[in-house]
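Hello,

Here is the structure I said I would pass on. Please open it first, then read the notes below it.

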Amino acid sequence: LGDVYKRQVQGWELEKADISLSRLAKKAQELARRLAKGDLNVIVECDDIRFDNDHWNPLWSELSHVIRNAVDHGMDLVEERIALGKPIKNTLAISARISTDAGLVIRIADDGAGINWDTVAAKAKTKGLPHKTQDDLVAVLFEQGFSTRDEASALSGRGVGMAAVWNVVESLGGTTTVDSELGEGTA
């Protein structure tokens, strides 16, 4: 019985996942307002997961790059959403869950513009990067120095953020995937 109480007390020292995810959600909402993307509907979902901050803080820090990309690259302007017949508010879903086959799964998904894979392929080709398969195109998104932007802004376009995300996920023993459909969004 002593071990049960000890584990319970140790669990109190860990941060609940919804706290970390809510911080990301708040950053996304602030950025959407700053970029004139309108009010952002953010959905945060997570299992009852707790994290050791010493171990996981690098991930939470780097996931802010995914949030920036989702809002800056992915979110539609209100006028675009109306023209496309989408709900006026952009939606961003941030979740964390435990999967029996994949372990911890952290997912960030938007209902924005989606990735133009033809643009990614063309940019990769000009940089001499692999660009023939879908796996090539996903990998190039995380390549140091790669961006689909012609000019960097204060928020994105330098090609360092997603590479940093890839590196921290790999260092934690994880993998990164990207699913995107043009006009529908990216996860």
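Start at leucine 31, which sits in helix α2, residues 17-34. Keep in mind that this is a predicted model. Leucine 31 is buried: its relative accessible area is 7%, and the cut-off for buried is under 20%. Valine 71 lies 40 residues away from leucine 31 along the chain, yet their C-alpha atoms are separated by 7.0 Å.

Next, the helix itself. α2 has 18 residues and spans 26 Å from its first C-alpha to its last, close to the 26 Å expected at 1.5 Å a residue. Which residues of α2 are buried? They are Ala17, Ser20, Leu21, Leu24, Ala25, Ala28, Leu31 and Ala32. Because these residues cover an arc of only 140° around the axis, they are on the same side of α2. On the face turned away from the buried side, α2 carries the exposed residues Lys26 and Arg34.

What do the buried residues of α2 pack against? Their partners are β1 (15-16), β2 (40-46), β3 (50-51), α3 (53-74) and β4 (90-99). Just after α2, alanine 36 has a positive phi of about 60°.

Last, the whole chain. There are seven helices and seven strands, in the order α-β-α-β-β-α-α-β-β-α-α-α-β-β from the N terminus. Of the 187 residues, 40% are buried. Of the contacts between residues at least 6 apart in sequence, 65% join residues at least 24 apart. The accessible surface is about 11,000 Å², and carbon and sulfur atoms account for 50% of it.

Regards

Technical notes: Residues numbered from 1 in each chain as written. Predicted model: local features only at pLDDT ≥ 70, side-chain atom pairs only at ≥ 80, totals over all residues. Heavy atoms only, no water. Helix = DSSP H or I, 4+ residues; strand = E, 2+ residues; numbered from the N terminus. Buried < 20%, exposed > 50% of the residue type's maximum accessible area, 1.4 Å probe, protein only. Contact = heavy atoms within 4.5 Å. Areas by Shrake-Rupley, 256 points an atom, 1.4 Å probe, with all protein chains shown as cover. Expected span 1.5 Å × (residues − 1). Arc of directions from axis to C-beta.
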